[in-house]
Amino acid sequence: VFGTSRKPRASDAGIEWVALDVDDDASVERGVANVLAATGGRLDALVCNAGFGIFGSVEEVSIAAAKRQFETNFFGVLRLLRAVLPGMREARRGRVLLVGSLAGRAPIPFQAHYSASKAAVDALALALHNEVRPFGIRVTLIEPGDIDTPFNDSMSWDTSPAGSAYAGAIAQTERSIRELLPKAPPPEVVARCIGRALAARRPRVRYAVGADSTLV
């Protein structure tokens, strides 16, 4: 099992860590090459879960910030797929799990850009499922709802200017998000779902995870 991180980490608990930045073409190519070199060219599965969120109104979030959101959440996934799929296709086997979000189907106010990036991952996963299934590759979309992780710690909260016409609604929504996330299920529920999808003989195309998944 290999994990990836932008900063080098010491291997632990049976996981070998590889330096890899999904926003950087050369870093992705180098990281995947290092993994394949260590495994003799074999890769059984790919799990894409890198992502972050920005917060603010559609009107006020800058185009540059919106592009950064898609650079990681969508194009980061695309870079890994392009690096990994040729080998899986040649071997005629493999599993690809893309971690989307229920926000892709139930967009969150003032997180439109994050929601849109996850909707894009949803569309990518379903199209890819049909493209690579003839080669023995199975694609699964994991759709968590609210999960108690440090996601809010890396959120870009300050994208709206002072005196915003949306200030009241933005403040109320931010309070709700900050209050609800710590009450959500732990990340282990998503990890277990990923494990089931990887082990299943016939994995589903979609797995929704979390207490709010049924409602959504």
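## Helix α5: length check

The expected span of a helix is 1.5 Å times one less than its number of residues. In this predicted model, helix α5 (residues 188-199) has 12 residues, so it should span 16 Å, and its end C-alpha atoms do sit 16 Å apart, which agrees.

V189, V190, C193, I194 and A197 are buried. These residues cover an arc of only 140 degrees around the axis, which puts them on the same side of α5. Look at the other side of α5 and you find R192, R196 and A199 exposed.

What covers the buried residues of α5? The cover includes β3 (45-48), β4, β5 and β6.

## Strand β5: enclosed

Of the 8 residues in β5 (residues 137-144), 8 are buried, so the strand is largely enclosed by the rest of the structure. I137, V139, L141 and E143 point one way from β5, while R138, T140, I142 and P144 point the other way, and all are buried.

## Strand β5: its partners

Strand β4 (residues 94-99) runs parallel to β5, with 6 bridges joining the two. In that pairing, V99 has I142 of β5 as its bridge partner. To get from β4 to β5, the chain passes through helix α3 (residues 112-132), and this β-α-β crossover is right-handed.

Strand β6 (residues 206-209) also pairs with β5 in the parallel sense, over 4 bridges. Here L141 has R206 of β6 as its bridge partner.

How values were computed: Residues are numbered from 1 along each chain as its sequence is written. This is a predicted model: local features need pLDDT of at least 70, side-chain atom pairs count only at pLDDT 80 or more; totals for chains, interfaces and linings use all residues. Side-chain values use heavy atoms; hydrogens and water are left out. Buried means under 20% relative accessible area, exposed over 50%, partly exposed in between (1.4 Å probe, protein chains only). Two strands pair if DSSP finds at least two bridges between them. A crossover is right-handed if, with the strands pointing away from the viewer, the path from the first strand over the helix to the second runs clockwise. The arc is that of the directions from the helix axis to the C-beta atoms. Contact means heavy atoms within 4.5 Å.
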